[in-house]
Amino acid sequence: MAKFEIQKQAMAGTLESSDLQIVIDKNDGKGIEINLQSSVEYQFGKQIREVILETLNQLGITDAKVEAVDKGALDCTIKARTIAVVHRACGITMNYDWEELDSWNV
């Protein structure tokens with residue numbers, strides 16, 4: 001898969017029940033920072049952060065500032081929103097590598 005480089009701030013998802021709203025921005029040379037708000041953070045915060053981080057790693061993102069508001073999203077929704085926000089932040093709106101994404105079993 002092509003390496004992604006964040007060019008601008010982007011957002012994906014909603015604040016509806018069972019969804020996750022995620023905003024990503026550049027974080028040049030500072031690694032990945034994840035700020036999570038969730039009513040179930042005590043129970044699932046670690047898992048939500050791991051899914052976001054794993055997805056960013058699969059996309060080759062090494063530096064990003066992430067703001068996520070969870071409304072009870074399942075892992076598959078968290079992955080989908082993370083993939084969408086990275087594509088938007090990189091200005092990619094077509095020619096997705098569906099084979100690579102499908103290989104993750106999303």
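This is a predicted model: local features need pLDDT of at least 70, side-chain atom pairs count only at pLDDT 80 or more; totals for chains, interfaces and linings use all residues.

Residues are numbered from 1 along each chain as its sequence is written, and side-chain values use heavy atoms, with hydrogens and water left out.

**Salt bridges**

- The count comes to three salt bridges, each being a side-chain nitrogen of Lys or Arg within 4 Å of a carboxyl oxygen of Asp or Glu.
- D19 and R81 meet through their side chains at 2.9 Å, N to O, and this pair links distant parts of the chain, with D19 in the loop between β1 (10-12) and β2 (20-25) and R81 in helix α2, 62 residues apart.
- E54 pairs with K79, their closest N and O atoms being 3.9 Å apart, and connects helix α1 (residues 41-58) with helix α2 across 25 residues.
- The side chains of R49 and E41 form a salt bridge at 2.7 Å, N to O.

**Accessibility of the paired residues**

- D19 counts as buried because its relative accessibility is 7%, where buried means under 20% relative accessible area, exposed over 50% and partly exposed in between (1.4 Å probe, protein chains only).
- R81 is partly exposed at 28%, whereas K79 is buried at 17% and E54 is partly exposed at 41%.

**H87**

- H87 lies in helix α2 (residues 75-89) and, at 3% relative accessibility, counts as buried.
- Leaving aside neighbours within four places in sequence, H87 is in contact (heavy atoms within 4.5 Å) with F4, I92 and Y96.

Methods: Helices (H or I, at least four residues) and strands (E, at least two) are DSSP runs, numbered from the N terminus.
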